[in-house]
Amino acid sequence: MLLMVAAALLLPGLFPLSMLGGALLDAARAPTLRALGLLVLPALGALLLTRVAPPPAWRSGLQWLALGSALLYAWRLLGVRELFVWARLQAVSASALVWLAWSHGISGGGLLGLAAALVVPAVLLTLLAAAMQRRVGAAYLGLRGNLVAAYPRWGAALASCLLAVLALPPFPGFLALVGLLRQLGPGMAAGVMLTWLAWSWAGALLWRRAGFGDPWTAPRAPDLGRLALAAWWLAGAAFVLAGLLGSATW
C-alpha cells in the first residue's frame with residue numbers, strides 16, 4: 001500500500017494525487033531542474049510499480065480512475081499555451097496510461113519501457129520550452145507572432161518533438177499505445193483513443209500558435225545552433241531505435 005502511494009506521488013497519473021505530484025514537479029523553478037524532475041520522478045514511480053502487483057479488489061476501480069485521469073488532463077491541454085505547463089500536463093496524462101497498463105498486467109521491463117516511451121517526449125519538450133524562454137523571455141505561445149519563421153531550427157525541433165509527444169509513428173509512444181490497446185477491452189480502448197485524440201487536437205493548437213500569425217519582427221536572439229540541432233536529430237533517432245528494440249516487451 002505504501003509503495004502504491006509513493007508511486008502515485010512520483011508517477012502522477014491518478015487524480016487527485018496527481019495534483020500533489022504535479023506540484024512536486026513544479027517545485028523546481030530552473031528549467032533544467034524541471035526537465036530532470038520530469039524524467040527522474042516518473043521513472044522512480046514506474047520502478048516502484050514493478051515491485052508491487054495491483055490489488056485484485058481495487059483493480060477495476062484503478063483502471064477506471066487511471067483512464068478518467070488520462071482523459072481529464074488531456075482535455076485540460078486544449079486551453080494551455082505555456083509550454084512548461086503543457087509538457088507537465090501531457091506527462092501527467094501519459095502517466096495515467098502507465099497506471100492503466102500496470103493495472104492490466106504489464107509489469108517489469110515492459111512497464112518501464114512503456115513509461116519511458118510516453119513520458120520522455122514531455123521532458124524533451126520542457127528543454128525546448130527552456131530554449132524558447134531564453135530567446136523571447138517566456139515560454140508562452142501566441143504573444144510573439146510566428147516563432148517558427150523566426151527560429152526555423154527551433155521550429156524543426158519542436159515539430160519532431162510534438163510528433164513524439166503525440167505518440168505518432170515512428171516514435172516509441174505509438175508502439176507503446178498499440179501494445180497497451182491490445183491488453184484492453186472495447187470500452188477502455190475507446191477511452192485511450194479519446195485521450196490520444198485529445199493529445200493530437202491540443203498538439204495541433206500548440207503548433208498553430210507557434211507557427212502561424214504575423215512574423216515577429218522584433219530584435220531576436222540567435223536560433224538553435226547547427227550542432228545543437230544535429231544532436232537533437234541523433235537523440236531522436238536513438239529514441240526511435242530504442243522503441244523498436246523494446247517494443248517486444250509491450
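A crossing is left-handed if the near helix is turned anticlockwise from the far one by less than a right angle. The views below are taken from a predicted model.

**View 1. Crossing of helices α4 and α10.** The crossing of α4 with α10 is left-handed. The axes of α4 (residues 59-76) and α10 (residues 186-211) come within 8 Å and cross at roughly 20°. Angles under 35 degrees count as roughly parallel, so α4 is roughly parallel to α10. From α4, Gln63, Trp64, Leu67, Ala70, Leu71, Ala74 and Trp75 meet residues of α10 that include Met188, Val192, Thr195 and Trp199. The contact of α4 with α10 has 12 nonpolar and three polar residues, and no charged ones.

**View 2. Packing of helix α6 against helix α9.** Helix α6 (residues 108-136) and helix α9 (residues 172-181) pack at about 130°, with axes 8 Å apart. That angle makes α6 oblique to α9. This crossing of α6 and α9 is also left-handed. Leu114, Ala117 and Leu118 of α6 meet Pro172, Gly173, Ala176, Leu177 and Leu180 of α9. By class, seven residues in the contact of α6 with α9 are nonpolar, one is polar and none is charged.

**View 3. Largest nonpolar core.** Trp86, Trp154 and Trp199 touch the most other members of this core of 75 residues. Helix α5 (residues 83-103) supplies the largest share, 14 residues. A second, separate core of eight residues has Leu25, Leu41, Ala91 and Val123 among its members.

**View 4. Surroundings of Trp199.** Leaving out residues up to four places away in sequence, Trp199 touches Ala74, Leu77, Gln90, Ser93, Ala94, Leu97, Val165, Leu166, Ala167 and Leu177.

Technical notes:
Residues are numbered from 1 along each chain as its sequence is written. This is a predicted model: local features need pLDDT of at least 70, side-chain atom pairs count only at pLDDT 80 or more; totals for chains, interfaces and linings use all residues. Side-chain values use heavy atoms; hydrogens and water are left out. A nonpolar core is a set of buried Ala, Val, Leu, Ile, Met, Phe, Trp, Tyr and Cys residues joined through side-chain atoms within 4.5 Å. Buried means under 20% relative accessible area, exposed over 50%, partly exposed in between (1.4 Å probe, protein chains only). Helices (H or I, at least four residues) and strands (E, at least two) are DSSP runs, numbered from the N terminus. Contact means heavy atoms within 4.5 Å. Axes are lines fitted to C-alpha atoms, for helices over the stretch in contact, and angles run from 0 to 180 degrees between N-to-C directions. Angles under 35 degrees count as roughly parallel, over 145 as roughly antiparallel, 65 to 115 as roughly perpendicular and the rest as oblique. Ala, Val, Leu, Ile, Met, Phe, Trp, Tyr, Cys and Pro count as nonpolar, Asp, Glu, Lys and Arg as charged, and the others, Gly among them, as polar.
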